[in-house]
Amino acid sequence: MTERMTIRLEVNGRAVSCEVEPRTHLIDFLRDSLQIKGARVGCEHGVCGACTVRLDGRMVRGCLVLAVQAQNARVETIEGASDRGDLAELQAAFHARNALQCGFCTAGMLIAAAELIEQKPHASRDEIRKFMSGNYCRCTGYQAIVDAIEDVLEARLQRTSAPVASC
Amino acid sequence: MKAAAFDYVRPRDIAQVFALLEEYGDEARIIAGGQTLLATLNMRLSEPQLLIDIGALNELRGISVSGDRLRIGALVTHAQIEDSDLVRRHAPLLSEVAPHVAHRAIRNLGTFGGSIAFADPAAEWPACLVALRGWVIVSGADGERRIQADDFFLDLYTTALQPGEVILACEVPVETAASNHQFDELVRRHGDYAIVGAAVTGSMAATGLIENPRVVFLGTGNVPERARAVETLLETTALTVDTAAEFADALDIEPAADLYHSAQTKLHLSRVVLKRLLCKFAEARIEGRHEGDKHD
């Protein structure tokens, strides 16, 4: 039989040490071992994006990373990112635009949208759709999600281009 | 689904990888980014005894230029290629193709070397490597060897990589002022495996002939597939926006049907892609000439 391995990593700012089976993927580890259940288990083969979490600051598919591969890494889930206030603007926009119904995809959508905003601050609607294409939503038809992300991008651009008041 | 049980090791040096491959043979699988392997493990399409994680081998990282070659370490991720200025300057085809490789969350971990080693005929990088006349640098217990991309992809998921060998890096010739390239693919959802796609490379002559053309398809056969009849036409007949359609009609590959598309549909779609690419190629030539005029 295979040996369980002890891994040490940081999850949502907290040091964690835990024994896992090598075959356990990151999302099962987060949900079952740590009871952090914001990110969902969807297709388990990298297609749906419901399990999107951050690994060392970049979004990844939680089902396509083994927990043992996250040794010494920094993992952040929707809980951590949300508590830090990192997603507040996107969350408000998703709420305002009704960009979720059942909510199953939302954790992944928000993490993906946050990476889009960071990397493509000037993204057009078409570019938003392309970037977000890795995350399935079976409720909204995507229109409202694209609207919400577009709202945040526009608001940010307006803020950066607004004249700075002199003292 | 959940993966079957396996053991996991993360060697610190490559000699240990060779030793483990020797010991476990077919029962071991190398994991790099794992973006294909994890899916096959979860689906139990593959049930190895041992996963050898090569992620700690830092010598397999990094993008560099030496002489007239751009070297991409096996562990360089698709996202690193997408974001690299060095790649944009010296192998812009790869920069343009990178956003088509799966989705950003997958590109953040998936590696160039992994894609080449897996040799999925529907993947973008094998076709690009053939279109750019690249090399695959591999190493085993007996030392290193360089394999031309043309000789690397042998059959469905089958490469010239011998048991016990590992890909260290890939190299492509750096782009010259005369070289041009185009890439496009048809896909149901952006980032999914393409129905068909193609890369066209070559140097444009003032006559409209293309020197050293390569037309390479993905998603049509068991390996990246060169459209040799079209390549010959490009070498011998001037390409213009008006002749692009005729050239595309000359496409003589025989794509295999997939779950959703008949062979006939795939051939049609291959011609659609090729016509678009050749039009863009011809337009780039015209634009290039006009730009040249301005400098005169």
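Predicted model: local features only at pLDDT ≥ 70, side-chain atom pairs only at ≥ 80, totals over all residues.
Axes here are lines fitted to C-alpha atoms, for helices over the stretch in contact, and angles run from 0 to 180 degrees between N-to-C directions. The helices themselves are DSSP runs of H or I with at least four residues, strands are runs of E with at least two, and both are numbered from the N terminus.

Two residues are in contact if their C-beta atoms, placed from the backbone, lie within 7 Å. As for the classes, Ala, Val, Leu, Ile, Met, Phe, Trp, Tyr, Cys and Pro count as nonpolar, Asp, Glu, Lys and Arg as charged, and the others, Gly among them, as polar.

Residues are numbered from 1 along each chain as its sequence is written, and chains are lettered from A and ligands numbered from 1 in the order in which they are written.

Now step back to chain A as a whole. Chain A has six helices and five strands, and from the N terminus its elements follow the order β-β-α-β-β-β-α-α-α-α-α. Its C-alpha trace spans about 65 × 45 × 20 Å along the principal axes. Of the 167 residues in chain A, 47% are buried; that is, 20 or more other C-beta atoms lie within 10 Å of their own, whereas 12 or fewer makes a residue exposed and anything in between partly exposed, with C-beta atoms placed from the backbone.

Helix α1 (residues 26–33) of chain A has several buried residues: Leu26(A), Ile27(A), Asp28(A), Phe29(A) and Leu30(A). The cover over them includes β2 (14–20) and β3 (52–55) of chain A. After α1(A) comes Gln35(A), with a positive phi near 60°. Asn12(A), in the loop between β1 (5–11) and β2 of chain A, also has a positive phi, near 50°, without being a glycine. Is Asn12(A) buried or exposed? Asn12(A) counts as buried because it has 22 C-beta neighbours inside 10 Å.

Chain B meets chain A through 26 of its residues, which are in contact with 29 residues of chain A. On the chain B side, the elements giving two or more residues are β1 (7–9), α2 (37–42), β3 (50–53) and α6 (104–107) of chain B. That side has 13 nonpolar, eight polar and five charged residues.

Some of these elements also pair within chain B. β1(B) and β3(B) run parallel over three bridges, with Tyr8(B) partnered by Leu51(B). Two strands pair if DSSP finds at least two bridges between them. Strand β2 (residues 28–31) of chain B is joined to β3(B) by four bridges, again parallel, and Ile31(B) stands opposite Asp53(B). β2(B), α2(B) and β3(B) make a right-handed β-α-β unit: with the strands pointing away from the viewer, the path from the first strand over the helix to the second runs clockwise.

Finally, look at the open antiparallel sheet of four strands in chain B, in the order β11-β12-β13-β14. β11 (179–186) and β14 (225–226) of chain B each have a single partner strand, so one side of each is left without a neighbour in the sheet. Strand β13 (residues 210–218) of chain B pairs with β14(B) over two bridges, where Phe217(B) partners Glu225(B). Helix α10 (residues 228–236) of chain B lies across β12, β13 and β14 of chain B, at about 160° to β13(B).
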